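Please examine the sequence and the model shown here before reading on. The paragraphs that follow lead from the pockets to the strands and then to the aromatic rings.

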Amino acid sequence: MSRRTLLMGAAALAAAAGPLAAATTARAAARTPKVLVIGLDGALLNRIKDADAPNLDALMASGLTSVSPLYANPMAPTLSGPGWSTIITGVWPDKHRVKDNAFTGHAFAQYPDFLTRIETAKPGLSTYAVASWNPVTDTIFSAKVDTRVSTPEAEYDTGTTSRAVAELAGGNRDAVFVHLDNVDHAGHSHGAASKQYLDAIHGVDTQVGQLVAAVRGRATHTSEDWLIMITADHGHTDAGGHGGSSAAERQTFLIASGGSVTPGSTRYDIRMPDIAASALAHLGIAVDPAWDLDGRPLQQPVPDAFDTLRPQLGTRVDETGIGGAVVGFTHTPPAGWSIDNSAMGTGGVTEWRGWTFTTDEFWTSAERDQWRESNVRARNVFAVADGDEWVDKSCTGTFDSTLVSPAWPVTGGRTATLAYTTHYRQEAPQKGEVLVSYDGGTPAVVKTYTSDTVAKAESLTLQVPAGATTARVRFRYTGGNNWFWAVDGVTLTPA
């Protein structure tokens with residue numbers, strides 16, 4: 001029984017990445033860019049590392065590896081419909097609106113698949129998608145894709161692989177998507193902790209090897225620049241199954257090789273919508289801001305001050321629900337930033353006393369199913385004020401902490417744009433305030449949060465006073481035994 005029954009241009013890149021990358025990009029520009037995305041349904045990266053998987057191991061050694069957590073309810077359950085829709089469209093479920101495997105109410109007309117975007121931007125390119133789970137090719141990918149193949153169930157992954165190998169070896173496709181299903185089938189039938197699950201990974205590793213060999217064996221391979229990306233739509237529990245909020249169910253990953261990828265690298269800033277954006281960028285298709293994508297090209301990393309803190313993150317102190325080996329928090333801000341705890345209460349859970357810099361793995365482990373999992377627009381290390389967790393140990397006073405930015409340059413008499421991601425859950429009497437001060441003057445409130453604002457990318461236009469040369473931003477959270485506020489990616493850009 002099937003488990004489904006059970007259930008940027010080259011010049012811009014060079015300028016952004018430096019001289020060495022510029023040389024690499026220039027060489028690649030002389031070759032024809034092509035993309036292969038391989039989806040391994042229900043595969044866990046940690047079990048891939050445990051399994052006999054020499055082809056996937058080789059791709060990790062020759063490319064980059066990144067673990068990326070998914071959402072959970074109420075944004076969407078960890079199911080294949082939302083998972084593949086996120087990867088293929090480049091937006092999170094609150095935009096593509098897929099909440100289950102029925103795809104009811106989807107917004108693919110507004111947020112189409114990346115192959116359709118390729119066809120629209122460069123109709124001369126050839127696109128191909130083949131899937132063992134037919135909704136991928138029947139529903140998510142549109143009819144604009146040159147060829148969509150829904151593999152007959154009797155052929156399953158063997159048929160999917162043979163068809164894709166034939167296209168890769170003998171065709172002239174520019175972008176190819178391949179979906180393989182058997183790892184997920186083994187997870188449902190036997191659990192992720194089983195030998196059968198490891199055997200299924202070994203089997204799909206052989207199929208990945210066949211696909212990669214087909215690419216490298218092409219007569220025109222030396223004149224082509226292939227970016228190969230491998231990912232999964234969700235994870236699995238040890239006992240088998242997914243849909244919930246556990247770390248194992250929420251685990252996804254990206255293995256990428258080729259293009260401008262640095263061999264043997266590990267990244268923490270990549271999220272699953274980035275796959276679609278990265279495919280577009282590799283093919284020379286600039287991401288139009290009007291598309292409202294959540295993904296950004298992996299070839300164009302964006303520096304973030306909070307992310308510089310990852311090497312100094314520590315393990316738990318008071319939090320018993322977090323694994324003792326998990327590193328994930330610090331109260332020490334990055335250079336130029338500060339935290340004002342002068343009005344902060346005393347005691348409480350050490351990890352969450354005042355603003356804390358943390359990661360998804362650490363923060364969501366503190367307490368599941370309270371919407372922390374929906375903080376999907378934050379990346380890598382982010383800042384959290386969590387009154388709910390702070391009061392879980394004896395404390396006095398209230399939670400009153402302010403995160404303070406560096407003094408950033410602005411131009412007096414003109415506008416500036418303050419951008420950041422916010423994930424705010426409300427319970428009175430808590431409040432979140434964004435304040436701005438100029439040239440060391442009195443901070444003024446520019447935004448107040450008193451209602452749920454989930455995983456939102458904010459962009460505030462500031463009117464800079466005449467003569468002002470610097471601006472400093474403050475995020476003040478006040479409350480008690482209430483909820484939380486997470487912010488990330490804070491930038492202030494003068495007009």
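**Pockets, strands and rings**

Strand 20 supplies the largest share of the lining of the largest pocket, 5 residues. Strands here are DSSP runs of E with at least two residues, helices are runs of H or I with at least four, and both are numbered from the N terminus. The model is a predicted one, in which local features need pLDDT of at least 70 and side-chain atom pairs count only at pLDDT 80 or more, while totals for chains, interfaces and linings use all residues. Residues are numbered from 1 along each chain as its sequence is written, and side-chain values use heavy atoms, with hydrogens and water left out.

A pocket is an open set of points on a 1 Å grid over the protein atoms alone, where a 1.4 Å probe fits and protein lies on both sides within 12 Å along at least five of seven lines; its lining residues have an atom within 4 Å of a point. The largest pocket has a volume of about 990 Å³, a volume being the space filled by probe spheres set on the points, which are joined across faces, edges and corners. Its lining consists of 35 residues, and Asp294, Arg296, Arg379, Thr421 and Ala457 lie nearest the centre. Strand 17 (415–425), strand 20 (453–463) and strand 22 (484–494) are the elements that give two or more residues to this lining. By class, the lining has 16 nonpolar, 6 polar and 13 charged residues; Ala, Val, Leu, Ile, Met, Phe, Trp, Tyr, Cys and Pro count as nonpolar, Asp, Glu, Lys and Arg as charged, and the others, Gly among them, as polar.

An open sheet of 6 strands has the order 9-12-13-22-17-20, with antiparallel pairing; two strands pair if DSSP finds at least two bridges between them. Strand 9 (329–330) and strand 20 each have a single partner strand and stand at the edges, so one side of each has no neighbour in the sheet. Strand 17 and strand 20 are joined in the antiparallel sense over 9 bridges, and leucine 418 stands opposite leucine 460 in strand 20.

Serine 401 stands opposite tyrosine 477 in strand 21.

The whole structure contains 22 aromatic pairs, meaning rings of Phe, Tyr and Trp (its six-membered ring) whose centres lie within 6.5 Å, with planes under 30 degrees apart called stacked, over 60 edge-to-face and the rest tilted. Phenylalanine 475 and tryptophan 485 form an edge-to-face pair, 5.8 Å centre to centre with 70 degrees between the planes. Phenylalanine 475 is in strand 21 (residues 470–479) and tryptophan 485 in strand 22, and both residues are buried. Ring pairs link Trp355, Tyr420, Tyr424, Tyr449, Phe475 and Trp485 into a cluster.

How values were computed: Buried < 20%, exposed > 50% of the residue type's maximum accessible area, 1.4 Å probe, protein only.
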